Structures are given as C-alpha cells and as structure tokens.
Amino acid sequence: MSISTETFGKTKEGAEVTRYTVTNKNGLSFSALDYGAVIVNLMTPDKSGKMADIVLGFDDVAGYEENGCFFGAFIGRHGNRIGQAKFTLNGTEYQLEKNDGENNLHGGTPGYHQVMYRTSFTENSVTFSRTSPDMEQGYPGNLEIAVTYTLTDENELKITYKVKSDKDTLCNLTNHSYFNLKGHNGGTITDHKVWIKANGFTATSKDLIPNGTITAVENTPMDFREGRVISRDIDSDYEPLVLAGGYDHNFVLDKPEGKFEKVASVTEETSGRTMEVYTDLPGMQLYSGNFIKKEKGKEGAVYTRRTGLCFETQYFPNSVNVPGFTPCIIRAGEEFTSATVYKFL
C-alpha cells in the first residue's frame with residue numbers, strides 16, 4: 001500500500017492543486033484532488049488483468065472548475081434536488097439558488113466540488129476537510145466537513161463523511177463519480193448489467209421532484225432486483241423514464257434504516273469487471289448520464305449521452321419538504337457520519 005502526490009496544476013485564482021494517488025497491493029489505485037475533493041482516476045483490472053481508468057473526468061484543473069456534469073464530484077451541502085429551491089427549518093424559511101429550473105440541484109454556488117480543501121493522509125487514505133460557512137449556498141450553520149477516501153487491499157474504495165454544525169442544518173452528501181467498466185473512454189454504458197436491492201423508487205413531478213409517493217418496481221422497467229441490462233428498457237414508453245430521458249431516479253433501498261449493507265452491483269461482460277455498492281444511507285440515485293452533451297475528457301476522449309453511470313447514495317431528494325421521508329437534518333453540535341463503499345471484483 002502506498003500514497004504519492006504530484007502537482008496537478010493551478011486554479012484560475014492561482015491556487016496550486018495537488019493530486020493524491022493511493023495504490024493497494026493488487027495494483028488498484030485511485031486519485032483525488034485537493035480542489036473539490038474530486039475523484040479523478042480509478043484504475044482497476046479487467047478479467048485478463050489489464051488495468052484501465054473506469055471513471056470519467058478531465059486532464060486539467062480548468063475542466064474541474066467548469067464541470068457542469070459533476071464528474072467525480074464531492075456533492076454538498078445537499079446532493080440532488082430540493083423543490084422550489086427552498087425549505088423551512090425551525091420556523092425559518094431558507095431560499096436557495098434556483099439552478100435547475102425552479103429547483104435547487106446539488107447545493108448551489110460554490111459547489112463543494114469547486115473549492116479548495118485542507119488535506120491529511122495515511123499510506124492508504126486521504127482526508128479532505130474545510131469549513132462551509134454559515135449561509136454558504138443559503139444553508140444555516142458553520143459546517144465542519146471531512147471526507148475520507150480509503151483504499152483497502154480487499155479492493156474497496158471507502159468514502160467516509162464526517163460533519164458537525166453549530167446550527168441545525170441540512171446535510172446530504174454524496175459522490176457523483178461516473179463509472180464505465182469498459183474504461184472511461186469505452187463508449188455507452190447501456191450494456192452494463194445493474195442489480196439494486198430496492199422494492200420501490202420515489203415518484204416525481206415532471207421536473208423530477210419527489211412528491212412523497214413511493215412506486216413499487218414490480219412489473220416496471222425500474223425493477224433491478226434480479227439484475228437488468230440498462231439497454232433493456234431505458235428507452236421504453238414508461239413515464240418516469242421519458243421524463244428523465246433515461247434513468248435518473250432515487251431507489252428506496254430495502255434495508256433497515258442506518259444499516260450498512262450491499263445495495264447494488266454493476267457488471268460489464270466484455271471486461272469482466274464488477275463493482276458492488278455498499279451504504280448506510282436510505283436511498284441511491286441511479287443516473288445513466290442522460291444529460292451529458294459533448295464533454296472533452298481525459299486522454300482525448302469525448303463523453304456523450306450515456307457514457308457514464310452514477311450510483312449516488314443519499315437521503316431521498318426533497319426529503320426536507322416531504323412528510324414521511326427521513327429528513328437530512330443534523331442538529332447543532334451533533335456529529336454526523338456516513339460511509340459508502342465501491343468494491344471491485
């Protein structure tokens with residue numbers, strides 16, 4: 001197990017950006033930046049042992065400063081959507097940035113993936129930390145944030161979130177890496193086979209805001225309980241898929257609240273790669289890269305629609321505004337921790 005560092009470039013403000021790379025005994029490695037705590041590379045072997053980078057991203061800091069698709073992004077203070085870009089907490093209404101029509105998506109400006117972080121590291125992990133000040137993005141409370149990426153010799157990339165606020169606030173952190181098990185430049189992901197441990201998903205309005213209804217997956221294109229190739233139904237005439245242009249839905253994970261369990265897996269037959277997803281959170285957004293237009297990525301690759309697949313563990317979108325959903329509220333002075341693991345077989 002080893003860790004190395006190298007200069008990745010400078011931000012437009014002149015801040016020097018460092019890339020941290022952790023490699024395990026099997027040769028797997030990941031790289032992340034102290035700019036945005038973004039995951040920029042993830043090298044894993046195929047069935048013949050050939051290594052490839054399986055996450056979408058950019059070759060330079062400028063790409064990550066723009067990053068409209070959130071490649072590799074650490075998302076906060078609130079991942080996913082909040083309806084009407086507002087919420088009420090302790091009797092006070094908070095107005096957020098309307099950056100997704102009339103709604104808020106992935107926190108606002110500045111994104112947590114577009115700021116510099118303090119760093120500390122061990123031989124197999126790197127921790128990125130900062131204080132998100134009171135009312136940054138419109139959210140109350142000074143939020144102390146630490147996100148740690150750990151690589152194990154069992155080929156697990158573990159993401160641990162640890163936060164504490166001095167005021168009651170919302171906090172729904174996630175990782176927005178786009179995976180393509182054929183390699184980041186491997187083309188579309190519609191041939192990937194996905195399994196999700198979920199009996200239902202959160203139904204939404206036309207602008208993809210959950211309305212409180214949980215729809216059973218049985219006998220629908222959303223049923224991944226036995227495994228389903230993405231291409232099988234992604235273009236079917238099923239209203240939730242039509243509205244989102246493919247998969248972009250929060251699945252209600254079938255497990256006890258707060259319990260850390262395996263909740264999903266994805267396999268690509270040609271490469272033989274399989275990735276498993278574990279989390280203690282109640283939901284997971286499956287996103288099939290429907291809104292990628294034409295992005296110039298790493299090594300000259302051009303990413304287009306459906307060339308990456310996201311597994312975003314989370315509290316349900318808009319949970320603060322939907323009675324019956326577990327709200328992502330953390331109380332002043334309480335430490336909140338959560339973990340998600342991507343394991344490679």
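This is a predicted model: local features need pLDDT of at least 70, side-chain atom pairs count only at pLDDT 80 or more; totals for chains, interfaces and linings use all residues.
Reader: Now the strands. In what sense do β13 and β14 pair?

Author: Strands of a sheet pair through backbone hydrogen bonds, either parallel or antiparallel. In this case β13 (residues 143–151) and β14 run antiparallel, with nine bridges between them.

Reader: Over how many bridges does β14 pair with β29?

Author: Nine, and the sense is antiparallel; β29 covers residues 335–344. On that side, T160 has A339 as its bridge partner in β29.

Reader: Which residues of β14 are on the covered face, and which on the uncovered one?

Author: Follow residues 156–165: L157, I159, Y161, V163 and S165 make up the covered face, while E156, K158, T160, K162 and K164 make up the uncovered one.

Reader: There's also an open sheet. In what order do its five strands come?

Author: The order is β19-β18-β21-β24-β27, and the pairing is antiparallel. At the edges sit β19 (210–216) and β27 (310–314), each pairing on one side only. On average, neighbouring strands here are turned by 30° against each other, direction ignored. Inside the sheet, β18 (residues 198–204) and β21 (residues 248–253) run antiparallel and are joined by three bridges. A198 has L253 as its bridge partner in β21.

Reader: β21 has a histidine, H249. Buried or exposed?

Author: The cut-off you need is that buried means under 20% relative accessible area. H249 has 2% relative accessibility, so H249 counts as buried. Beyond its neighbours within four places in sequence, H249 is in contact with F201, M222, P240, L241, A244, M284, Q285 and L286.

Reader: And T18: why does it count as buried?

Author: T18 sits in strand β2 (residues 16–23). Its relative accessible area is 16%, so T18 falls under the 20% limit. Setting aside residues up to four places away in sequence, T18 touches T5, E6, F8, A32, L33 and D34.

Reader: What is the relative accessible area of W195?

Author: The figure is 23%, so W195 is partly exposed. You'll find W195 in strand β17 (residues 193–196).

Reader: How far apart in space are W195 and R225?

Author: Sequence separation and spatial distance are two things to read side by side. W195 and R225 are 30 residues apart in sequence and 5.7 Å apart in space, C-alpha to C-alpha. R225 is one of the residues W195 touches, and the list also includes F224, E226, K262 and V263. For another pair, take H249 and R306: they are 57 residues apart along the chain, with 15 Å between their C-alpha atoms.

How values were computed: Residues are numbered from 1 along each chain as its sequence is written. Side-chain values use heavy atoms; hydrogens and water are left out. Buried means under 20% relative accessible area, exposed over 50%, partly exposed in between (1.4 Å probe, protein chains only). Helices (H or I, at least four residues) and strands (E, at least two) are DSSP runs, numbered from the N terminus. Two strands pair if DSSP finds at least two bridges between them. Axes are lines fitted to C-alpha atoms, for helices over the stretch in contact, and angles run from 0 to 180 degrees between N-to-C directions. Contact means heavy atoms within 4.5 Å.
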